[in-house]
Each structure stands twice: as structure tokens, then as C-alpha cells.
Amino acid sequence: MKKHDIDSSTRNIGIIAHIDAGKTTLTERLLFYAHKIHKLGEVHDGNATMDYLEEEQKRGITITSACTSIVWNGSQINIIDTPGHVDFNVEVERSLRVCDGAVVVFCGVNGIESQSETVWRQASKYGLPRLVFVNKTDRPGADYWQVVSDIQARLAVRPLPVTVPSACVDGAVLHLLRGKTLVFDASDQGATVHEHEPQDRDRELLQARRKELIEAVADFDDLIMERYLADEAIDEAELRSALRKATLTGQAVPVYCGSALKNIGVQPLMNGVVHFLPSPVESHSHAHVLQRMEAENVRTDQFVGFVFKVLFEGAHKKIFMRVYNGRIGENSAVYNSRLERFEKIHKLYTVHANRHEPIPEARAGEIVLATGLKECITGDTLFSGKAALRLENIDIIQPVLNVALVPGSASDTDKLQALLQRYCIEDPTLQSFTDEDTDQLIVAGLGELHLEVVLERLRRESGVSFRYGNPQVIFRETIAADATGEGSCRKLIGDQQHRALVRVTVRPAPRGQGNRCVTTLPATNHVDIALKAMEDALQAGMLQGCLVSDVEATLLEIAPFEDGLTDLGVRMAALDAMKSALGKASPVLLEPIMDVELRMPPDYVGDCVNLLGAKNARILDVRASDFESGITATAPMRQLFGFSTELRSRTKGKAFYSLVFSRYDVVG
């Protein structure tokens with residue numbers, strides 16, 4: 001596909017941050033200043049445009065990613081507002097998968113928090129250029145320059161401030177590229193921006209910081225370096241061009257400041273999105289798609305789309321899709337390489353939160369909603385024609401908690417199962433199954449809040465009553481030693497005798513590596529059957545029947561038993577051999593370990609340390625400041641039930657915490 005087939009004025013961006021940093025409040029201002037909405041909504045009032053779910057409005061947090069688009073300075077900016085809570089991390093993952101750039105929001109008071117680092121790494125994984133918006137700089141204790149320093153120290157990237165807080169005028173910012181003081185008119189909610197020549201201390205501050213910016217940009221641009229060394233004047237356009245190159249290559253990140261809630265500093269950030277973030281044709285993902293297309297001999301004019309989200313509205317299934325190549329119209333057949341068959345797109349829509357407007361076609365670089373694709377799931381690749389093209393999928397975190405449901409009747413069970421099946425399609429981190437031993441309906445998720453939101457939604461949408469137990473930790477098993485096992489089969493099933501002998505060996509793999517089943521035997525049908533049976537045997541361990549992880553199993557031998565060898569005999573013998581080997585390999589139980597980060601007033605550090613000690617936590621760091629202190633630690637998930645209630649009690653509601661899954665480790 002030729003570059004001019006993609007609109008170079010389009011920007012696809014994700015808004016990402018730690019919970020409560022102000023992402024949705026910022027997005028509301030982007031919509032307002034671009035005249036997409038005509039009245040500002042607020043998260044704390046439950047009427048923010050992008051938080052349209054009942055659970056979001058009730059809790060004042062973002063739970064699901066929401067898409068919208070605005071036009072600003074001649075560019076169309078497609079925006080995905082993402083959650084900040086770690087329990088909904090898949091929403092961030094799949095949103096960034098289809099973005100070309102990102103705006104990362106940091107709190108000016110709390111700085112770089114645990115989830116901030118997580119989403120930063122996610123953006124790095126997809127090669128996304130970023131802008132930083134340091135929010136809440138109007139609050140007591142905010143330290144813009146400390147956040148800038150922490151970006152370089154903790155995120156290993158060169159931060160280049162573009163706007164900085166004024167030293168003279170409350171609510172004003174200094175624009176280092178323009179050399180002006182910007183004041184945001186409170187009478188029209190900051191929509192009017194007044195430019196002034198800087199006065200007094202601001203003039204000295206702006207000159208000093210602009211010189212530092214030029215020196216930093218000169219490190220990335222030879223022309224700027226020559227002009228700087230020759231002591232020549234460098235205008236805004238030249239500096240902006242050099243800064244854009246450094247941003248697109250990931251060498252630097254432009255930094256803006258302001259307060260979204262107080263309508264300060266947002267329009268310069270919007271200009272920065274247009275100036276510094278890539279168009280679809282300049283993005284890392286575009287290059288990846290072209291490379292995959294060439295490898296699979298897909299024509300450069302063919303449509304290629306990626307499904308990044310699935311949503312049910314009643315019985316209607318809606319597909320969120322990024323168009324990477326070509327164009328597609330309504331009532332078009334597309335090939336799904338996972339299903340290896342064609343499906344039909346009925347209608348196409350642009351998206352603004354929960355409102356959709358029909359469009360006749362979608363073109364490369366656009367993010368759209370499609371209907372009619374009944375079998376699609378998150379991660380599917382769609383294209384015109386027929387080939388084995390599969391774009392890079394999304395990494396899914398496995399659940400660490402589950403809860404058992406007890407419906408009132410069998411018909412209620414069927415209704416709940418049908419709804420949960422839809423939820424699991426919408427949210428790949430959610431799992432639902434029926435426990436074979438207890439016949440209970442089990443729902444598994446990433447944390448207490450994740451399960452709580454699912455159960456609330458299930459009760460509201462199903463209209464049936466059910467009880468549920470306390471959340472339980474999902475344990476795993478592994479082995480601590482090498483062992484060899486042998487299994488044989490001699491069974492008469494029907495009128496056929498099934499026989500085989502299989503020998504395997506197992507050994508521990510590094511923690512977090514997962515399982516591998518390998519062999520040096522020549523490839524045959526019996527070898528394939530045995531390897532598949534070995535993988536199946538790792539689904540239930542010897543201690544509590546938990547999933548077995550971090551094991552390398554090797555198939556050593558397949559031989560006839562009593563002169564007989566059949567497919568079913570090989571499978572049953574392989575299962576028996578694995579059971580024998582795992583039982584002799586010193587099986588141990590693994591539990592999920594969480595990274596814990598606390599923020600509290602300095603007076604409560606001792607109480608928080610004592611509380612963590614009671615939870616068998618390992619404290620890694622304690623950070624103290626005049627306004628707010630922080631503690632980072634690791635702790636077993638099973639010790640953290642009810643932690644939020646205890647923390648609020650100990651600190652009179654003045655402390656905040658976050659939990660992020662770290663790893664599975666041996667139960668202590």
C-alpha cells in the first residue's frame with residue numbers, strides 16, 4: 001500500500017496512567033475544547049462522557065476502555081481512554097496494541113506510581129512514541145520538576161519539558177517552544193487561551209529552561225547542534241521538527257504540565273499530539289503489518305484489520321477493529337485466519353463512547369466498530385482474500401482469584417452460564433467453568449475488584465438471584481526435582497484391545513517460563529499423540545489438582561506393550577507416565593505473589609509497615625516526604641483479602657494502595 005493512501009493527519013492515541021491520575025478528566029477536556037461535547041462532565045459527579053457504564057459511574061473509576069475521536073488543528077485524533085486499575089489491565093493492553101502513540105498522565109503530587117510504570121512498559125512493548133502530561137500541578141505538594149527527574153531516573157528516557165508551571169501567575173504555564181506565558185480563561189472553562197510576554201521571574205525561568213531544551217534537542221539533531229554552537233537563533237519550527245524526530249525514535253519524550261480538573265494546560269498538549277505523535281504510516285505497527293503481509297504474500301492493496309475488543313449489547317455482538325491496510329465496506333466478506341473461513345461484515349460505525357454512527361466504509365488508519373462477525377474474538381486478524389496472515393496477538397494475564405456461584409435453580413444456572421460465556425469473550429482475563437467435583441459455577445479473575453464488578457453486572461443483567469462465596473486464591477503446582485516415569489496401557493474398549501508403553505522424564509524449568517513438552521524421537525502420529533497427552537497431564541497436578549507450571553517434559557520412548565500399539569493406548573500410557581514422573585519429582589504448591597504499593601501521609605508510615613508485616617509482606621522500599629510517603633513491598637495474595645478495609649481503618653481512610661500480580665512462587 002502506498003503511503004498516500006493513509007491520511008497523514010490522523011493520530012491514534014491511548015490515554016494511559018495509574019488509577020486516579022486524571023485520564024478520564026483529561027479526555028473530557030479534549031472533547032470539550034475540540035467541540036465534540038458542549039458541557040463538561042466530571043468523574044466525581046458520575047457524568048463523564050467516557051465513563052458510561054453504570055459500574056463506572058457508581059465507583060468513579062474507568063473499567064472498560066472507551067473510544068472517541070476529535071478534530072484539532074486539521075487533524076483527526078482517535079482517542080482510547082483506558083482504565084488505571086490493574087484488575088482491568090487487559091483493556092490497556094489491547095488498546096495500546098492498536099494505537100500509534102500514547103499520552104501518559106502522571107500525578108504532580110504522587111509522581112510515577114506502580115501502574116504508571118506498568119503502562120509505560122506496555123507502551124514500550126508496542127514501540128509507541130509518548131507524550132507526558134503532569135497533571136494536578138495546582139495541588140499542594142505537587143512537584144513538576146521532581147516528576148521530570150523521576151521520568152529520566154525510573155523510565156530510562158530523556159524528558160524534554162515543553163510547558164512548565166509559571167512562577168508568577170497562578171494557573172498559567174510557560175511554553176518553552178513559543179516563548180510565551182499561556183493563561184487559561186476561567187470564565188469559559190479554559191477554552192480561551194491568552195498569550196502574554198513573560199514577566200519578571202517567568203522571563204528568566206523561560207529563558208533558562210528553553211536553553212536547556214535546545215541543548216537537549218541538539219544531542220539528537222545535528223542541524224540544531226550546528227546552530228547552537230554557532231550561537232544562532234533557533235526558531236519554534238526548527239525546534240519542533242527536531243523534537244518530533246527525537247520523539248518518534250523513542251529517544252525523548254515531550255513533557256507538558258497543567259490541571260485537567262481546573263482546565264489548565266490542556267490545549268498545548270492537544271497541539272503536541274498533532275505535532276509530535278506519529279500518523280499511522282509512521283507508526284511501528286504499520287511497518288510490522290507490511291512485513292507480515294509480505295511474508296504471507298498478501299497484496300499491498302488488500303484490506304487488513306485487527307480485532308482488539310468484543311462487546312455484547314444484549315444478543316448483538318459488536319467488534320472493535322483497527323484497519324491497518326486497504327479499505328473495507330459494509331456487507332463485505334472478510335477472511336478470519338484463526339477460523340480459516342470467511343465471515344461477513346454487515347455494518348460499520350464510528351464510535352464516540354457508547355454512541356455509534358454508521359459509515360459506508362473504513363479506511364487504513366481508522367478505528368471502527370463492525371457488526372455481523374459472529375465468531376470473532378479478541379486477537380483475530382481479518383483481511384480480504386485468503387492467506388495464513390496472523391498479526392501479533394495480545395498478551396493475556398491469567399486469573400489469580402476465583403469465586404463460586406450458587407444460583408437458585410437449574411434454569412438460573414443456565415442463564416448465568418450464558419451471560420458469563422459472553423463476559424469471557426469480552427474480557428479474555430476472565431474465566432468461567434463448572435467444577436466437576438462440586439458442580440459449582442466458578443468465575444475466575446484478576447482481583448477482588450475485578451470479580452466484584454463482574455458479579456454486580458451479572459446480577460443486574462441476569463435478573464436472577466444467586467449467592468457466592470468468598471474469593472479463593474488460584475494455586476498452581478510445579479516440581480522441585482528431576483524424575484522419570486513409565487506408563488503402560490492394556491485395556492479392552494469395545495471389541496478392541498489398546499496397548500502401549502511410554503517413558504518420559506520431567507525436570508523443573510525456570511520460574512515463569514511455562515511448560516514445554518519436547519522429544520528427540522522422529523515425528524510420527526504416535527509421537528504427536530503422546531506429546532499432546534503430556535501437555536494435557538500438566539493441567540492437573542498431584543497435590544491439589546491445580547494447573548502445573550514451569551515444567552519441561554521429554555518424551556523418551558514409545559514402544560509396543562505385549563506386542564500391541566494403538567493411538568488410544570499411546571495416549572493413556574503417556575498420561576500414566578506423566579502421572580508417575582510428576583509424583584516422583586517432589587511436587588510443590590505455588591501461590592500468586594503481588595507487588596504492593598502504598599501511599600500515605602508521613603504520620604501513618606509506621607502503621608502501614610506494621611500492617612504489611614502482619615500480612616507476611618516483604619518490604620522493598622520506604623520513601624518519605626513532607627507531604628506523602630510511599631512503601632513498596634511484595635506479599636502473598638492469600639494474605640491480602642480485606643486489606644483495603646484494614647488499611648482504611650489503620651489510616652482513617654488517608655492511605656491508598658495498589659496490587660499488581662508479580663509471579664507465582666512456592667508457598668511459604
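This is a predicted model: local features need pLDDT of at least 70, side-chain atom pairs count only at pLDDT 80 or more; totals for chains, interfaces and linings use all residues.

Modeller: Happy to; we can go through some helix pairs and then turn to individual residues.

Colleague: Let's start with α3 and α4, then. At what angle do they pack, and how far apart are their axes?

Modeller: Helix α3, residues 89-97, and helix α4, residues 114-125, pack at an angle of about 30°, and their axes are 9 Å apart. Angles under 35 degrees count as roughly parallel, and α3 and α4 are therefore roughly parallel to each other.

Colleague: Which residues meet there?

Modeller: From α3 the contact takes in Asn89, Val92, Glu93 and Leu96, which meet Gln115, Thr118, Val119, Gln122, Ala123 and Lys125 of α4. Sorted by class, the contact of α3 with α4 has four nonpolar, four polar and two charged residues.

Colleague: Switching to α6 and α8, how do their axes cross?

Modeller: The axes of helix α6, residues 201-218, and α8 come within 10 Å of each other and cross at roughly 50°. That angle makes α6 oblique to α8, and α6 passes α8 in a left-handed crossing.

Colleague: What meets what in that pair?

Modeller: On the α6 side there are Arg210, Leu213, Ile214 and Val217, and they meet Glu236, Leu239, Ala242 and Leu243 in α8. The residues of this contact divide into six nonpolar, no polar and two charged.

Colleague: I was also looking at Arg244; where does it sit, and is it buried or exposed?

Modeller: Arg244 is placed in helix α8, which spans residues 236-248. With a relative accessible area of 17%, Arg244 is buried, because buried means under 20%. Leaving aside residues up to four places away in sequence, Arg244 touches Arg11, Val274, His275, Phe276, Leu277, Pro278 and Glu282.

Colleague: Now α11 and α12, how do those two cross?

Modeller: Helix α11, residues 410-426, and helix α12, residues 448-462, have axes that come within 11 Å and cross at roughly 130°. That makes α11 oblique to α12, and the crossing of α11 and α12 is right-handed.

Colleague: And which residues are in that contact?

Modeller: In α11 they are Lys415, Leu416, Leu419, Leu420, Tyr423 and Glu426, and these meet Val454, Arg457, Leu458, Glu461 and Ser462 in α12. By class, the contact of α11 with α12 divides into six nonpolar, one polar and four charged residues.

Colleague: Anything on His450, buried or exposed?

Modeller: His450 lies in helix α12 and counts as buried at 1% relative accessibility. His450 and Leu430 are 20 residues apart in sequence, and their C-alpha atoms are 8.7 Å apart in space.

Colleague: Last one, what is the phi of Asn263, and what is the phi of Asp550?

Modeller: Asn263 has a positive phi of about 65° although it is not a glycine, and Asn263 is placed in the loop between β11 (252-257) and α9 (266-276). The phi of Asp550 is near 60°, again a positive value in a residue other than glycine, and Asp550 is in the loop between α13 (525-537) and β31 (551-559).

Colleague: Are those two buried or exposed?

Modeller: Asn263 is buried, with a relative accessible area of 11%, and Asp550 is buried as well, with a relative accessible area of 4%.

Notes
Residues are numbered from 1 along each chain as its sequence is written. Side-chain values use heavy atoms; hydrogens and water are left out. Axes are lines fitted to C-alpha atoms, for helices over the stretch in contact, and angles run from 0 to 180 degrees between N-to-C directions. Helices (H or I, at least four residues) and strands (E, at least two) are DSSP runs, numbered from the N terminus. Angles under 35 degrees count as roughly parallel, over 145 as roughly antiparallel, 65 to 115 as roughly perpendicular and the rest as oblique. Contact means heavy atoms within 4.5 Å. Ala, Val, Leu, Ile, Met, Phe, Trp, Tyr, Cys and Pro count as nonpolar, Asp, Glu, Lys and Arg as charged, and the others, Gly among them, as polar. A crossing is left-handed if the near helix is turned anticlockwise from the far one by less than a right angle, and right-handed if clockwise. Buried means under 20% relative accessible area, exposed over 50%, partly exposed in between (1.4 Å probe, protein chains only).
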